[in-house]
Amino acid sequence: MAKAKDFLTPADEEAIIAAIGQAEKNTSGEIRVHIEENAGKPPLERAKEVFQQLGMQATAARNGVLFYVGVKDQTFAIVGDEGIDKVVENDFWDCTKEIVLNHFKEKRFSQGLVEGILRAGERLKTYFPFADADKNELPDTISKG
């Protein structure tokens, strides 16, 4: 397995950033991707820590979403903020997670993230539709740890 810095090509990163921009046109939700070597703990627990470290809890509607990837230990998690958790069903992220993981199993990491991000934007627009007054509260760049 590649190192976190080599996990995606520059073209892959551009495609993921473009998908974030496209997804956020449908929703006021804010989507980020974080990639690091190892979670060092259960991936959902680590994703929640990264969520806080990236300041994703600072959105006005508390509707941030983090796609977390641990490269070396081959872990993945999706975390949504409390504003999302208050309004969605318990299995809200399950289908999005399955889309991503199915691509990951075939080593199509970029495609998995792109499709997952677009799916998240579609799902979020039901609860957090985009409005003209919305602003991009978080950077669309991929963070690496």
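**Entry 1: two helices**

I began with the contact of two helices, where Asp12, Ala15, Ile16, Ala19, Ile20, Gln22 and Ala23 of α1 meet Ser110, Leu113, Val114, Ile117, Leu118 and Gly121 of α5. I sorted the residues of this contact by kind and got nine nonpolar, three polar and one charged. I note here that the model is a predicted one.

Next I looked up the geometry. Two packed helices are described by the angle between their axes and the distance between the axes. For α1 and α5 the angle is about 5 degrees, and the axes lie 8 Å apart. Angles under 35 degrees count as roughly parallel, so α1 is roughly parallel to α5.

In soluble globular proteins, nonpolar side chains tend to be buried together. I looked for such a group here. The largest nonpolar core has 30 residues, and those touching the most other members are Ile16, Val33, Ile35, Phe67, Leu113 and Ile117. I then listed the elements that each supply at least two residues of this core: the helices α1 (10-24), α4 (94-105) and α5 (109-127), and the strands β1 (30-36), β2 (64-70) and β3 (75-80). The most comes from α5, which gives six residues.

I picked out Leu113 and noted its contacts. Leaving aside residues up to four places away in sequence, Leu113 touches Ile16, Val33, Phe67, Val69, Phe76, Val100 and Phe104. Another core, of 10 residues, lies apart from the largest one; among its members are Val50, Leu66, Tyr68 and Ala77.

**Entry 2: helix α2**

Which residues of α2 are buried? In this helix, residues 43-53, I found Arg46, Ala47, Val50 and Phe51. An α-helix has 3.6 residues a turn, so residues three or four places apart point the same way. Looking down the axis of α2, I see its buried residues within an arc of 145 degrees, so they line one face of the helix. Their cover includes β1, β2 and β3.

**Entry 3: positive phi**

Most residues other than glycine have a negative phi, and most peptide bonds are trans. I went through some positive values. Gly55, which follows α2, has a positive phi near 70 degrees.

Arg62 is not a glycine, yet its phi is positive at about 55 degrees. I located Arg62 in the loop between α2 and β2. Its relative accessibility is 25%, so Arg62 counts as partly exposed.

Lys107 is another residue other than glycine with a positive phi, here near 65 degrees. I located Lys107 in the loop between α4 and α5. Is Lys107 buried or exposed? It is exposed, because its relative accessible area is 56% and the cut-off for exposed is over 50%.

**Entry 4: two more residues**

Asp94 is in helix α4. I put Asp94 down as partly exposed, because its relative accessibility is 44%.

Leu138 sits in the loop between α5 and β4 (142-144). With 8% relative accessibility, Leu138 counts as buried, because buried means under 20%. What does Leu138 touch, not counting residues up to four places away in sequence? I found Glu30, Arg32, Gly55, Met56 and Thr59. I also checked Leu138 against Val79: they are 59 residues apart in sequence, and their C-alpha atoms are 15 Å apart in space.

Conventions. Residues numbered from 1 in each chain as written. Predicted model: local features only at pLDDT ≥ 70, side-chain atom pairs only at ≥ 80, totals over all residues. Heavy atoms only, no water. Core = buried A, V, L, I, M, F, W, Y, C linked by side-chain atoms within 4.5 Å. Buried < 20%, exposed > 50% of the residue type's maximum accessible area, 1.4 Å probe, protein only. Helix = DSSP H or I, 4+ residues; strand = E, 2+ residues; numbered from the N terminus. Contact = heavy atoms within 4.5 Å. Axes fitted to C-alpha atoms, helices over the stretch in contact; angles between N-to-C directions. Parallel < 35°, antiparallel > 145°, perpendicular 65-115°, else oblique. Nonpolar A, V, L, I, M, F, W, Y, C, P; charged D, E, K, R; others polar. Arc of directions from axis to C-beta.
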